[in-house]
Amino acid sequence: SVSGVATVRLTMPGYGALTIPEVEVLDSSGSSLLTGSSVASQSSDIHCEACKSVVYGGVGGLSSLAIDGGKGGGYYGYSVFHTMHQVDPWMQVDLQLSATVNRVIIWSRTDAC
C-alpha cells in the first residue's frame, strides 16, 4: 500500500504506443478509488481528426476510456485508450483526493497489441 496518493501514472518505457482498455485503482478493502470526478489524461491523443478518419476508422483513443468501467478490450468497440507512437508514452489518473492505494489493475486488450 502507498499512502497519500492523488495521482496514478502508468508509463511504458521506450518507443511505442500505450493502449489500455481499463485501469482500476483499489484501496485495501478492494473498493475502487475512481469516482465520477476522477480525471484521466495522456501524453498524446490518437483521437485527432486525421487519425480518426484515416488510420483508426474514427473510433476511441481517449484516456477517459481507461476509467469508464468498461473492460471490453476491443479498440473498435470504443473501449480502449491509445496514445500515438512516441518515446515513453504515459497515461495518468487524478483521483481528485488523497488516498491509500493498495492495488492497481491494468486490463489488457483482447483484439491486438
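A residue counts as buried when its relative accessible area is under 20%. Serine 44 has 17% relative accessibility, so serine 44 is buried. This structure is a predicted model. The protein chain has 113 residues, and buried residues make up 41% of them. The briefing starts with the whole chain and then turns to single residues.

**The chain as a whole**

- The secondary structure comes to one helix and nine strands.
- Along the sequence, the elements follow the pattern β-β-β-β-β-α-β-β-β-β.
- The chain exposes about 5,800 Å². Carbon and sulfur atoms supply 54% of that area.

**The nonpolar core**

- The largest nonpolar core has 18 residues. Val23, Val25, Met91 and Leu95 touch the most other members.
- Strand 1, strand 4 (22-26) and strand 8 (90-101) each supply at least two residues of this core.
- Strand 8 gives the most, with five residues.
- Leucine 95 is in contact with Val5, Ala6, Val25, Leu33, Leu34, Thr35, Ser38 and Val101, leaving aside neighbours within four places in sequence.

**Glutamine 42 and serine 44**

- Glutamine 42 is found in strand 5, which covers residues 39-42. Serine 44 lies in the loop between strand 5 and helix 1 (49-55).
- Is glutamine 42 buried or exposed? Its relative accessibility is 15%, so glutamine 42 counts as buried.
- The side chain of glutamine 42 reaches the backbone oxygen of serine 44 at 2.6 Å.
- A polar atom of the glutamine 42 side chain also lies 3.3 Å from the backbone oxygen of histidine 82.
- What does the side chain of serine 44 reach at 2.8 Å? It reaches the backbone nitrogen of methionine 84.
- Beyond four places in sequence, glutamine 42 is in contact with Gly61, Leu62, Ser63, Phe81, His82, Thr83, Trp90 and Met91.
- With the residues up to four places away left out, serine 44 touches His82, Thr83, Met84 and Gln86.

**Methionine 12 and aspartate 88**

- Methionine 12 sits in the loop between strand 1 (2-11) and strand 2 (15-16). At 25% relative accessibility, methionine 12 is partly exposed.
- Not counting residues up to four places away in sequence, methionine 12 touches Ala17, Leu18, Asp88 and Pro89.
- Methionine 12 and valine 87 are 75 residues apart along the chain. Their C-alpha atoms are separated by 8.5 Å.
- Aspartate 88 lies in the loop between strand 7 (86-87) and strand 8.
- Aspartate 88 has a relative accessible area of 36%, so it counts as partly exposed.

**Positive phi angles**

- Phi of aspartate 88 is near 50°, a positive value in a residue other than glycine.
- Glutamine 96 also has a positive phi, near 65°, and is likewise a residue other than glycine.
- Where is glutamine 96 found? Glutamine 96 is in strand 8. Its relative accessibility of 44% makes glutamine 96 partly exposed.

**Rings and a charge**

- How many aromatic pairs are there? The count comes to zero.
- The charged end of arginine 9 sits over the ring of tryptophan 90. The distance to the ring centre is 3.8 Å.

**Tyrosine 78**

- Tyrosine 78 is found in the loop between helix 1 and strand 6 (81-82).
- Tyrosine 78 is partly exposed, with a relative accessible area of 40%.
- Tyrosine 78 and proline 21 are 57 residues apart along the chain. The separation of their C-alpha atoms is 9.2 Å.

Technical notes
Residues are numbered from 1 along each chain as its sequence is written. This is a predicted model: local features need pLDDT of at least 70, side-chain atom pairs count only at pLDDT 80 or more; totals for chains, interfaces and linings use all residues. Side-chain values use heavy atoms; hydrogens and water are left out. Helices (H or I, at least four residues) and strands (E, at least two) are DSSP runs, numbered from the N terminus. Buried means under 20% relative accessible area, exposed over 50%, partly exposed in between (1.4 Å probe, protein chains only). A polar contact is a pair of N or O atoms within 3.5 Å; within protein, one must be able to donate a hydrogen and the other to accept it, and residues adjacent in sequence count only if both atoms are side-chain atoms. Contact means heavy atoms within 4.5 Å. Accessible areas come from the Shrake-Rupley method with a 1.4 Å probe; for residues, only the protein chains shown count as cover. A nonpolar core is a set of buried Ala, Val, Leu, Ile, Met, Phe, Trp, Tyr and Cys residues joined through side-chain atoms within 4.5 Å. Rings of Phe, Tyr and Trp (its six-membered ring) pair if their centres lie within 6.5 Å; planes under 30 degrees apart count as stacked, over 60 as edge-to-face and the rest as tilted. A charge sits over a ring if NZ of Lys or CZ of Arg is within 6 Å of the ring centre and within 35 degrees of the ring normal.
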